[in-house]
Amino acid sequence: MSATQKVLLVTGGSRGIGAATCRLGAKAGYSVAVNYVSNQAAADAVVDEIKAGGGQAFAVRGDVGVEADILAMFGAVDRVFGRLDAFVNNAGIVDVKSRVDEMDVARLERMMRVNVTGSFLCAREAVKRMSTRHGGKGGAIVNLSSAAARLGAPGEYVDYAASKGAIDTLTIGLAREVVSEGIRVNAVSPGITETEIHASGGQPDRVERMRDLLPMKRAGTSEEVASAVLYLLSDAASYITGAILNVSGGR
Ligand code: NAP
């Protein structure tokens with residue numbers, strides 16, 4: 001199934017913000033590669049929904065914390081669709097609530113390997129395929145940052161916040177590095193968004209607990225974040241690169 005339409009790859013496309021990005025991407029006309037790490041059923045459900053709507057999609061397993069998996073994932077997109085126009089560095093993890101003076105090396109290394117090194121290596125593979133310097137036709141990259149990069153997440157996960165600070169800097173630096181090679185690089189920085197990430201960090205009630213502290217008295221939805229991602233990928237954002245767009249309901 002070689003794609004005649006534009007191709008979008010989303011890491012962590014099986015659930016949450018990534019899944020919403022895959023669905024909206026398909027509606028916008030992209031053929032979509034849906035990456036997941038362990039929840040194949042969730043990835044297959046996203047693929048099935050896109051196909052049921054008349055779109056093209058396939059699921060590809062790969063841990064962004066493992067370089068060989070990243071190479072295999074991009075290789076699968078090359079084989080199945082034969083092109084890459086849009087890439088979303090969405091896969092990311094939190095950890096259980098902890099103070100900095102309680103964090104061990106294993107935790108810090110996992111956080112940085114998945115959220116930072118994984119995002120760098122994926123961006124590298126996307127640039128190799130999109131850059132006119134490498135014979136590509138250009139493209140757009142959107143990285144998922146977080147309001148935590150500005151707020152620091154004290155007493156919760158400063159390591160996660162710092163990993164998203166690195167994503168902001170990756171966005172600014174890479175945008176300037178490839179601006180003359182046909183690639184735009186931007187970030188979306190969500191505030192608290194209703195997904196399963198909070199439960200994965202041992203705080204299933206986090207959205208409910210924080211609700212009254214949020215300016216809009218509610219968390220964001222995956223779709224609200226995904227629509228900002230799709231905007232930055234689109235030609236409507238043709239003069240925007242190196243931007244970090246807060247999608248955080250005023251927080
Ligand atoms: P989520 O609901 O926990 O979903 C995480 C997704 O990432 C899943 O598809 C998961 O795959 C995948 N994933 C996790 N580790 C992976 C790995 N090592 N390799 C490949 N895929 C991996 O997360 P989310 O809330 O949608 O968050 C998406 C992004 O937005 C993250 O970068 C997060 O930091 C950022 N963000 C979220 C919020 C929020 O409040 N939700 C706020 C700010 C920023 P499986 O389904 O296979 O497990």
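**Helix Packing, a Buried Leucine and Aromatic Pairs**

Modeller: In this predicted model, helix 4 and helix 6 are roughly parallel to each other.

Biologist: Why are helix 4 and helix 6 called roughly parallel?

Modeller: The axes of helix 4 (residues 105-130) and helix 6 (residues 158-178) cross at roughly 15 degrees. Angles under 35 degrees count as roughly parallel, and therefore helix 4 and helix 6 receive that description. Their axes come within 10 Å, and the crossing is right-handed.

Biologist: Which residues make the contact between helix 4 and helix 6?

Modeller: Helix 4 contributes residues including L108, M111, M112, V116 and F120, while helix 6 contributes, among others, Y160, A162, I167, L170 and L174.

Biologist: How do the residues of this contact divide into nonpolar, polar and charged?

Modeller: There are 14 nonpolar residues, with three polar and three charged ones.

Biologist: What makes L232 buried?

Modeller: L232 has a relative accessible area of 2%. Buried means under 20%, and L232 is therefore buried.

Biologist: Where is L232 found, and with which residues is L232 in contact beyond its neighbours in sequence?

Modeller: L232 lies in helix 9 (residues 222-233). Leaving aside neighbours within four places in sequence, its contacts are V142, R184, N186, A187, V188, A237, I240 and L245. V142 is 90 residues from L232 along the chain, and the C-alpha atoms of these two residues are separated by 7.1 Å.

Biologist: How many aromatic pairs does a search of the whole structure find?

Modeller: The search finds three aromatic pairs. One of them is formed by F74 and F87.

Biologist: Why is the pair of F74 and F87 called tilted?

Modeller: The rings are 5.5 Å apart centre to centre, with 50 degrees between the planes. Rings pair if their centres lie within 6.5 Å, and planes under 30 degrees apart count as stacked, over 60 as edge-to-face and the rest as tilted. The angle of 50 degrees therefore makes this pair tilted. F74 belongs to helix 3 (residues 67-81) and F87 to strand 4 (residues 86-89), so the pair links distant parts of the chain, 13 residues apart. Both F74 and F87 are buried.

Biologist: Why is the pair of Y157 and Y160 edge-to-face?

Modeller: The ring centres of Y157 and Y160 are 5.1 Å apart and the planes stand at 70 degrees, so the pair is edge-to-face; the cut-off for this term is over 60 degrees.

Biologist: How do you know whether Y157 and Y160 are buried or exposed?

Modeller: The relative accessible area is 4% for Y157 and 10% for Y160. Buried means under 20%, so Y157 is buried, and Y160 is buried as well.

Note on methods. Residues are numbered from 1 along each chain as its sequence is written. This is a predicted model: local features need pLDDT of at least 70, side-chain atom pairs count only at pLDDT 80 or more; totals for chains, interfaces and linings use all residues. Side-chain values use heavy atoms; hydrogens and water are left out. Axes are lines fitted to C-alpha atoms, for helices over the stretch in contact, and angles run from 0 to 180 degrees between N-to-C directions. Helices (H or I, at least four residues) and strands (E, at least two) are DSSP runs, numbered from the N terminus. Angles under 35 degrees count as roughly parallel, over 145 as roughly antiparallel, 65 to 115 as roughly perpendicular and the rest as oblique. A crossing is left-handed if the near helix is turned anticlockwise from the far one by less than a right angle, and right-handed if clockwise. Contact means heavy atoms within 4.5 Å. Ala, Val, Leu, Ile, Met, Phe, Trp, Tyr, Cys and Pro count as nonpolar, Asp, Glu, Lys and Arg as charged, and the others, Gly among them, as polar. Buried means under 20% relative accessible area, exposed over 50%, partly exposed in between (1.4 Å probe, protein chains only). Rings of Phe, Tyr and Trp (its six-membered ring) pair if their centres lie within 6.5 Å; planes under 30 degrees apart count as stacked, over 60 as edge-to-face and the rest as tilted.
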